[in-house]
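Biologist: Hi! Could you walk me through this structure?
Modeller: Happy to, have a look here.

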Amino acid sequence: AENEQPCGTPCTQLLVFVATPGCDGFPSLDSKESYKLSVSEGSLLLFADAVWGALRGLETFSQLVGRDENGTYYVNKTEIVDFPRFPHRGLLLDTSRHYLPLRAILETLDVMAYNKFNVFHWHIVDDPSFPYESLTFPELSKQGAFNAMTHIYTASDVQMVIEYARLRGIRVIAEFDTPGHTLSWGPGAPGLLTPCYLGKVPSGTYGPINPILNTTYQFVTSLFQEVSTVFPDFFLHLGGDEVDFTCWKSNPKIRAFMKEMGFGEDYKKLESFYIQRLLDITSSLGKGYIVWQEVFDNGVKVRPDTIIHVWKENSPPYMEEMANVTKAGYRALLSAPWYLNRISYGQDWMAAYQVEPLKFEGVPEQKDRVIGGEACMWGEYVDVTNLTPRLW
Amino acid sequence: RRSGMGRAMGLAVGLLLGLLLVPAVLVSTSFRRGAPPSEPTPEPAEWELAWGAVPEDSLWPLPQRLRTSGRQLQLAPGRFQLVHGAGSSLGPGCGLLEDAFRRYYEYMFGQSRRRQRGHRPLGVRGEPELWQLQVVVESPDPGCQSYPHLASNEAYHLTVTDPVAILKADEVWGALRGLETFSQLVYEDDYGSFLVNESEIDDFPRFAHRGILLDTSRHYLPLKSILTNLDAMAFNKFNVLHWHIVDDQSFPYQSIYFPELSDKGAYSYDHIYTPTDVYLVIEYARLRGIRVIPEFDTPGHTQSWGKGQKDLLTPCYSGEQPTGSFGPVNPILNTTYNFMTKFFKEISSVFPDAYIHLGGDEVNFDCWKSNPEVKEFMKERGFGIDYAKLESYYIQKILDIVSSYNKGYIVWQEVFDNKAQLKPDTVVEVWMGKNYAHELSSVTEAGFTAILAAPWYLDYISYGQDWKKYYSVEPLNFTGSEKQKKLLIGGEACLWGEFVDATNLTPRLWPRASAVGERLWSNRNVTDLRDAYKRLTNHRCRML
């Protein structure tokens, strides 16, 4: 680079130098996003270790270019050395509470790139609907989507999102949240969910995934086998939040199982039993996993490289939780103060801005385990008519 | 979070609710407020519920009196017409109605591809066909070429039966309301056929003033935004656009007499409303039966006026020295009143409505108190140190100026609270949230007309279904006689512009404002949140 001839004034080229070859891969947690930008008379240079840094640098360069009253574009002499403080900077979109058409997701990815976000956390299915069109289990979306013709993501839609994101240096981490938050899975997978009981008779309603059946684990294995292939990122988000035990408690077969296993009345043990097996399945598929904090709070045995996603504001206060999670040796992601779906009057961006993710008691090794955070836009009151102005 | 019930459960509950609610709606709406029922309450057994689609499921606002039966009529987009009926005092010469006919046809059948005349397919459905909606406007002075006003008659009677449906209204404004309702009755079945149930509707608004406030000073709103909003207002039977057009931050109104006001006071030359823009808004509104009431708020909220009109605002002092900053309009100079006389002459002729909103809120006295000439004036007039008296002195002169142009005026509540001398037909807008019921009592007790905005500041967003809290407001819940209650002529949903521009106006205002729309139009006892939820969700999808 140092041997390049200086260009004339005005300079007509931004020269981009990337040290590590390879631009056909997918970004990962370890991707290098650092870059150096050097703007001076006679040269416009962007240096990056990897292609991902080049993308970040291009965004910054585009922000430096101004236009004066005569309409002339200009850029000031500048030296920038930049790299992210946290490697995981994510945004969660919820396409189950309300379906989001592809264009809304792609537009969001564009704006994420403007803001140097690098993880799209796709909370793709949940209780209200199942829009993910599965090759292995097509009935899931046929029965579980709001409309099986129009409110689904086909395999090619999903590939489109993943590639569109990749071109912007954004990882796509899919979340198939279980065992709770799965009502929409029921219609397309009979026998998967726990039938709730009223006394001795089934009430007709369903609860979380049934953890006591072998068929459950066969199903989960097959589904996650597909999901692991479809989504190239190393990590999958497995959910594990807000499991309501009422239905399990009402089911006599489950109560029998609890006795057999010696879990007593502690349904957290049953939850852990399920999660444990889910984590093992996921590991065997060669994926790492992120889970919501309940999995950690309920004492489930997780692999040391598990990432714990902290989302509860209180009980315990999230900074305390961050301390506990990192003290136990796990990496942590922070979302609790960044639930952007909880709108309020005025300049609430300030409250989000003033959060200091490392503001908890802990040794430097702990602090290092905080790999970043995610802004969440849950979809209860959000669809394509209001997503963009609510999020940005 | 909505947890999904099993599908079977949901349907059963829905049916049960439907069976209970439809008769409830029918019974409650066949009684006029106060007077005994003039017709026998029809037997519930007469009406069968159409399976699934209960027509009342998407009416918004809910009409005063409504009867539907299970008998369905078909509409063929290629043949169905909205026409003037025999005996109507209006015909094809009424551009307003012609425009409405086309607009409502588009709303009903716009998505359909079957708009060409075609052969009627044999044996598809047995239902009789509805060929036309005939619109009969009865009054000899129906108002087609004129502007809507406070006393306009918006009542209508709709009879939907084969072969033709009849929409009767005294004035053209009622015809517009009836067209909106008719368009809400038409629905598509699973096979794409357009259907409407045999119905009879007798409807009129509970309150005559049903407004939306838009603020184009804190953020400029392009014309498109305002017009889209007028469409949404018509869907919800709102009939007043309260255009808070200028304020401290910017002055986008391009004045003919005083072009410097917007030249210097607007955010930029692109951020103005030319006389043509203004006329377009007024006419677009008129075609939807919506009055445009401009607000030129003084003496406070006027920082932007000072940029283009030297010496209009009061110079503030620090001790003996002017600080360089300015306060409210300067009430002690003759030049102020000369300016206002000329300015309001223009406003009175540009805006055809009988009322102008003169503001008068949140006047900060600090600057006046600091100015030696103002202090001198206070002494001369014997106002002591009561600056409310100076404020009233100013307001009274403005009110007189505006009256001389034969306009009525609306003012924010402070003008009343600070005891200015108001003409008896002044309208006082109550906006302060603390104990607004008490304020309504005071205002009406003093004999003034009131409109209510306080509980409906929609710019105050919050998480969740806040439409419920707006819906649950009962405007007449204040202490007062029957006579007093009659003085509350309506209300306004306000969307102040501090955090609102064209990028987020529509999703922020709607459908939350719809809750206010029903509260102001429908009968007092239409309060069931679950039924409202059902209708509002359908209405929202239709509006989109």
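**Chain B meets chain A**

Modeller: Between chain B and chain A, 4 residue pairs are in polar contact, both residues at pLDDT 80 or more; a polar contact is a pair of N or O atoms within 3.5 Å, where within protein one must be able to donate a hydrogen and the other to accept it, and residues adjacent in sequence count only if both atoms are side-chain atoms. This is a predicted model, so local features need pLDDT of at least 70 and side-chain atom pairs 80 or more, while totals for chains, interfaces and linings use all residues. Residues are numbered from 1 along each chain as its sequence is written, chains are lettered from A and ligands numbered from 1 in the order written, and side-chain values use heavy atoms, without hydrogens and water.

Biologist: How many salt bridges are there across the interface of chain B and chain A?

Modeller: The rule finds 1 across that interface, asking for a side-chain nitrogen of Lys or Arg within 4 Å of a carboxyl oxygen of Asp or Glu. B:Arg540 forms a salt bridge with A:Asp383, with the closest N and O atoms 3.0 Å apart.

Biologist: New topic: where is A:Phe61, and is it buried or exposed?

Modeller: A:Phe61 sits in helix H1 (residues 51–64) of chain A, helices being DSSP runs of H or I with at least four residues. A:Phe61 counts as buried because its relative accessibility is 15%, and buried means under 20% relative accessible area (1.4 Å probe, protein chains only).

Biologist: And how far is A:Leu44 from A:Phe61 in space?

Modeller: They are 9.6 Å apart, C-alpha to C-alpha, and 17 residues apart in sequence.

Key
Helix = DSSP H or I, 4+ residues; strand = E, 2+ residues; numbered from the N terminus. Buried < 20%, exposed > 50% of the residue type's maximum accessible area, 1.4 Å probe, protein only.
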